[in-house]
Amino acid sequence: MNYLKVNKEAWDQRTKVHVGSKFYDVEAFIKGKSSLNKVELEQLGDVTGKTLLHLQCHFGQDTLSWARQGAIVTGVDLSTEAINQACQLNATLGLDANFIAKDIYQFGNENNDEFDLVFTSYGVLCWLPDLSQWAKIIANSLVIGGEFHLVEFHAFNDLLSGYAYFPRAEPDVEEEGTYTENCNGEKSTMLTWPHSISEVISALIAAGLTIESFKEHANSPYKCFDDLDYVVEQGYQMLHKGQQIPLLYSIKARKVTL
Ligand SMILES: C[S@@+](CC[C@H](N)C(=O)[O-])C[C@H]1O[C@@H](n2cnc3c(N)ncnc32)[C@H](O)[C@@H]1O
């Protein structure tokens, strides 16, 4: 099975649903609402005047939110439907973002630009078969002193939902609907890979990056899994035998030397 073709079709189909969803609320976004959350806003800090590469940017809301905060942004995503939507939003908002429709690995092979910041978030790693290569692409895309920022769903939840935790070469092949509230039951085939947290951290270290922070978070801003409770001013949480499970983790890493 050609995983890129299958996953691109799935994300093209999902994007058409997502742009009309309350989950992504494009109308409010156009009126000025940022799509960024406290975790990444605090972690990246002031991005004014910095060049920022956003990997797996979906249809660009976060990329354009960083642009609204003053960053000079480039977004990359496999889905041409998502990138077309991102370009339309960019034009509507009169911003100057650069969007590229490409597989991340192909982008990495062809890219010669270096950025101050590389950012990627919320549901990105499971689509990638090879994290060693992923981490090298990040390291090669950063200037010396540049920062990498990841905010990702914690694999703990996947494990409790019956998915593998430890890395495997063979993908999971599944028919699934999407996570927005307007999913009308339409399913698409998708191929995903499990990645343990140690695999993520080891890949970044092996690529020469210095980990500056690693955090786990009990609350998530997104209601995109079953069995979540909303806690006022905290976001969603999931209890397992009465205890909060980690729903997100975040990593900040720096390219210190070549
Ligand atoms: C869950 S979304 C990321 C969420 C994003 N933070 C948002 O705005 O909601 C995952 C994205 O990864 C993209 N993707 C999947 N495989 C990819 C690949 N090999 N190269 C680049 N992008 C890929 C999908 O097209 C999709 O837009």
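**Packing, salt bridges and ring pairs in a predicted model**

Leaving aside neighbours within four places in sequence, Leu64 is in contact (heavy atoms within 4.5 Å) with Phe29, Ala86, Leu89, Asn90, Leu93, Leu95, Ala97 and Phe99. The structure is a predicted model, in which local features need pLDDT of at least 70, side-chain atom pairs count only at pLDDT 80 or more, and totals for chains, interfaces and linings use all residues. Residues are numbered from 1 along each chain as its sequence is written, and side-chain values use heavy atoms, with hydrogens and water left out.

Leu64 lies in helix H4 (residues 61-68). Helices (H or I, at least four residues) and strands (E, at least two) are DSSP runs, numbered from the N terminus. Leu64 has 0% relative accessibility and counts as buried. Buried means under 20% relative accessible area, exposed means over 50%, and partly exposed lies in between (1.4 Å probe, protein chains only). Leu93, one of the contacts of Leu64, is 29 residues away along the chain. The C-alpha atoms of Leu64 and Leu93 are separated by 8.8 Å.

Helix packing was examined next. Two packed helices are described by the angle between their axes and the distance between the axes. Helix H1 (residues 3-18) and helix H5 (residues 80-93) have axes that come within 7 Å and cross at roughly 40 degrees. Axes are lines fitted to C-alpha atoms, for helices over the stretch in contact, and angles run from 0 to 180 degrees between N-to-C directions. H1 and H5 are therefore oblique to each other. Angles under 35 degrees count as roughly parallel, over 145 as roughly antiparallel, 65 to 115 as roughly perpendicular and the rest as oblique. H1 contributes Lys8, Asp12, Thr15 and Lys16 to the contact, and H5 contributes Thr80, Glu81, Ala82 and Gln85. By class, one nonpolar, three polar and four charged residues make up this contact of H1 with H5. Ala, Val, Leu, Ile, Met, Phe, Trp, Tyr, Cys and Pro count as nonpolar, Asp, Glu, Lys and Arg as charged, and the others, Gly among them, as polar.

Salt bridges followed. Side chains of opposite charge can pair when their charged atoms come close. A salt bridge is a side-chain nitrogen of Lys or Arg within 4 Å of a carboxyl oxygen of Asp or Glu. By this rule, the count is 10 salt bridges. Asp12 and Lys8 form one of them, with the closest N and O atoms 2.6 Å apart. These two residues are four apart in helix H1, and so are separated by about one helical turn. Asp12 is buried at 13% relative accessible area, whereas Lys8 is partly exposed at 25%.

Glu176 and Arg14 also meet in a salt bridge (3.9 Å, N to O). This pair links distant parts of the chain, with Glu176 in strand E6 (residues 172-176) and Arg14 in helix H1, 162 residues apart. Glu176 is partly exposed, with a relative accessible area of 29%. Arg14 is buried, at 6%.

A salt bridge also joins the side chains of Lys252 and Glu212 (3.8 Å, N to O). Lys252 lies in strand E13 (residues 248-255) and Glu212 in strand E8 (residues 209-217), so the pair ties together parts 40 residues apart in sequence. Lys252 counts as buried at 19% relative accessibility, and Glu212 as partly exposed at 39%. Through shared partners, salt bridges join Glu147, Glu212, Lys252 and Arg254 into one network.

The whole structure holds 15 aromatic pairs. Rings of Phe, Tyr and Trp (its six-membered ring) pair if their centres lie within 6.5 Å; planes under 30 degrees apart count as stacked, over 60 as edge-to-face and the rest as tilted. Tyr122 and Tyr222 form an edge-to-face pair, 4.9 Å centre to centre with 85 degrees between the planes. Tyr122 lies in the loop between strand E4 (115-121) and helix H7 (131-140), and Tyr222 in the loop between E8 and strand E9 (229-231), so the pair ties together parts 100 residues apart in sequence. Both tyrosines, Tyr122 and Tyr222, are buried. Ring pairs link Trp11, Phe23, Tyr24, Phe59, Tyr122, Trp127, Phe153, Tyr179 and Tyr222 into a cluster.

Backbone angles close the account. Most residues other than glycine have a negative phi. Asp25, not a glycine, has a positive phi of about 40 degrees. Asp25 sits in the loop between H1 and helix H2 (26-30) and is partly exposed at 32% relative accessible area. Lys241, also not a glycine, has a positive phi of about 50 degrees. Lys241 is found in the loop between strand E11 (239-240) and strand E12 (243-244) and is exposed, at 77%.
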